[in-house]
Amino acid sequence: MADPTNHNQAGEVAPSTVDKQAPSVAEEHAPSTDSPEATDIPTANAPDPKAANPEDNPNAAKPAASPKREKPAAAKAAKGEKPAAGEATEEKPAAAKAAKKEKAPSVEDKPFVEFIEQDYLPALQKAIAQKGVQDLQVSFAKQKMPITGFESAEECWQIIGSWSEIGKRQFNLYFPDEDIQGKKGFSCNEGKKPSTLESFLIDERKITLDLLVYGLVQRLDGQKWLGRN
């Protein structure tokens with residue numbers, strides 16, 4: 001028997017609870033008409049944070065800052081800046097290195113005996129021959145000085161030259177220090193024992209091969225032993 005308190009008549013369907021809740025859910029997510037307000041409802045029109053211009057979109061990703069490049073040590077040095085500890089400087093150009101190469105040694109830097117035998121004697125013979133002396137005999141030896149009063153002196157290196165033109169002419173060039181830059185002496189004679197020891201090239205600061213040849217030729221020329229004398 002039907003409940004007399006039920007006012008629903010036959011054929012009527014009671015409203016679903018879903019329909020009762022639908023209006024409240026819509027109102028919760030519906031935007032207000034009073035002021036614009038962002039909603040949490042996703043939309044397909046939102047810009048891509050990575051693709052958008054960072055000036056227009058604050059959510060855009062900012063590019064990573066490029067690392068700061070260090071100045072070369074040479075550039076720092078040119079600007080008066082000190083290079084960092086352990087920082088290598090650039091190598092000097094090859095031209096600067098070449099300019100610092102050691103100067104080739106001269107003939108005067110050779111050992112004394114080697115210089116006299118290899119350089120001085122040939123140059124001296126050539127220079128005296130050019131003055132007209134054709135029979136010059138020259139030797140290099142370490143012996144006593146053939147000068148009166150020097151019999152007890154020690155032996156020293158000397159150059160002995162002689163030729164037979166107008167009698168027997170002989171000269172001796174002495175090197176008591178065994179060094180062309182040291183003390184030097186000269187003596188000459190014509191068939192007799194020399195009695196005088198002269199100083200030779202004492203005013204020159206540096207003795208060279210050419211100067212040593214020129215000095216002896218000039219001394220022999222002053223003795224009137226060369227040329228037409």
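The side chain of K184 comes to 2.8 Å from the backbone oxygen of I180. The model is predicted, with local features needing pLDDT of at least 70 and side-chain atom pairs pLDDT 80 or more, while totals for chains, interfaces and linings use all residues. Residues are numbered from 1 along each chain as its sequence is written, and side-chain values use heavy atoms, leaving out hydrogens and water.

**Exercise 1.** Find where K184 lies, and work out its surroundings.

*Solution.* 
- Step 1: Go to the loop between strand 3 (169-175) and strand 4 (185-190), where K184 is found. Strands here are DSSP runs of E of at least two residues, helices are runs of H or I of at least four, and both are numbered from the N terminus.
- Step 2: K184 is buried but has no salt bridge, and D179, the nearest side chain of opposite charge, is 7.4 Å away. Buried means under 20% relative accessible area, exposed over 50%, and partly exposed in between (1.4 Å probe, protein chains only). A salt bridge needs a side-chain nitrogen of Lys or Arg within 4 Å of a carboxyl oxygen of Asp or Glu. For charge, Lys and Arg count as positive and Asp and Glu as negative, with His and the chain ends not counted.
- Step 3: List the contacts (heavy atoms within 4.5 Å). Beyond four places in sequence, the partners of K184 include Y174, F175, E198, F200 and L212.

**Exercise 2.** Describe the largest nonpolar core.

*Solution.* 
- Step 1: Define the set: buried Ala, Val, Leu, Ile, Met, Phe, Trp, Tyr and Cys residues joined through side-chain atoms within 4.5 Å.
- Step 2: Count 32 residues in the largest one, with I116, Y120 and L212 among those having the most contacts inside it.
- Step 3: Trace the suppliers. Helix 4 (112-129), strand 2 (156-163), strand 3, strand 4 and helix 5 (209-222) each give at least two residues. Helix 4 provides the largest share, 8 residues.
- Step 4: Look at I116, which touches F140, I159, F175 and I180, among others, when residues up to four places away are set aside.

Key:
Polar contact = N/O pair within 3.5 Å; in protein donor to acceptor, adjacent residues only side chain to side chain.
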